[in-house]
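Please open the model in your viewer and keep the sequence panel beside it. The tour moves from one selection to the next and says what to look for at each stop.

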Amino acid sequence: MSLTSVPCKVLESIIRDAVVTHLEHHNFYADCQHEFMNGRSTLTNLLVTLEYSTTILEEGSELDVIYLDYKKAFSTVPHQKLLQKLGD
């Protein structure tokens, strides 16, 4: 269920498309950018990462990987305290 009205959603979509088109036209995004890109997704991001990792390991180099889950971290933080700390 969404509390946003249909006209607001339509306007949001139009603005988003205009901003993304502008940023793409001016080559704002790096090649590694996958979020909000047409033809790119979490899957393409994982495939690029797998290709990179495989190449590094085949060359005999070492590879360290750190995975962070920010969503889980912020879902357990009391939001009022976080906003207070950010305001300090």
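Begin by selecting G60, which sits just after helix 2 and takes a positive phi of about 85°; helices here are DSSP runs of H or I with at least four residues, strands are runs of E with at least two, and both are numbered from the N terminus. The model is a predicted one, in which local features need pLDDT of at least 70 and side-chain atom pairs count only at pLDDT 80 or more, while totals for chains, interfaces and linings use all residues. Residues are numbered from 1 along each chain as its sequence is written, and side-chain values use heavy atoms, with hydrogens and water left out.

Next, colour the chain by pLDDT, the predictor's confidence in each residue on a scale from 0 to 100. The chain has a mean of 83, and 91% of its residues reach 70 or more. Among the elements of the chain, helix 2 has the highest mean pLDDT, 91, whereas helix 3 (residues 70-75) has the lowest, 67.

Stay with helix 2 and select its 17 residues, which reach 24 Å from the first C-alpha to the last, close to the 24 Å expected when 1.5 Å is multiplied by one less than the number of residues. At the N-terminal end of helix 2, show the side chain of S41, which caps the helix with an oxygen lying 3.2 Å from the backbone nitrogen of L43.

Now move back to helix 1, where the end C-alpha atoms of its 20 residues are 29 Å apart, in agreement with the 28 Å that the helix should span.

Select R16 and D17 together, for they form a salt bridge whose closest N and O atoms are 3.1 Å apart; the term requires a side-chain nitrogen of Lys or Arg within 4 Å of a carboxyl oxygen of Asp or Glu. The structure holds 1 such salt bridge. R16 is partly exposed, with a relative accessible area of 36%, and D17 counts as partly exposed at 40% (buried is under 20%, exposed over 50%, partly exposed in between, with a 1.4 Å probe and protein chains only).

Continue to N27, in the loop between helix 1 (6-25) and helix 2 (42-58). Its phi is near 50°, a positive value in a residue other than glycine, although most residues other than glycine have a negative phi. N27 counts as exposed because its relative accessibility is 66%.

Finish with F28 and Y29, whose rings form an edge-to-face aromatic pair, 5.8 Å centre to centre with 75° between the planes. Rings of Phe, Tyr and Trp (its six-membered ring) pair if their centres lie within 6.5 Å, and planes under 30 degrees apart count as stacked, over 60 as edge-to-face and the rest as tilted. F28 counts as exposed, at 58% relative accessibility.

Methods. A polar contact is a pair of N or O atoms within 3.5 Å; within protein, one must be able to donate a hydrogen and the other to accept it, and residues adjacent in sequence count only if both atoms are side-chain atoms.
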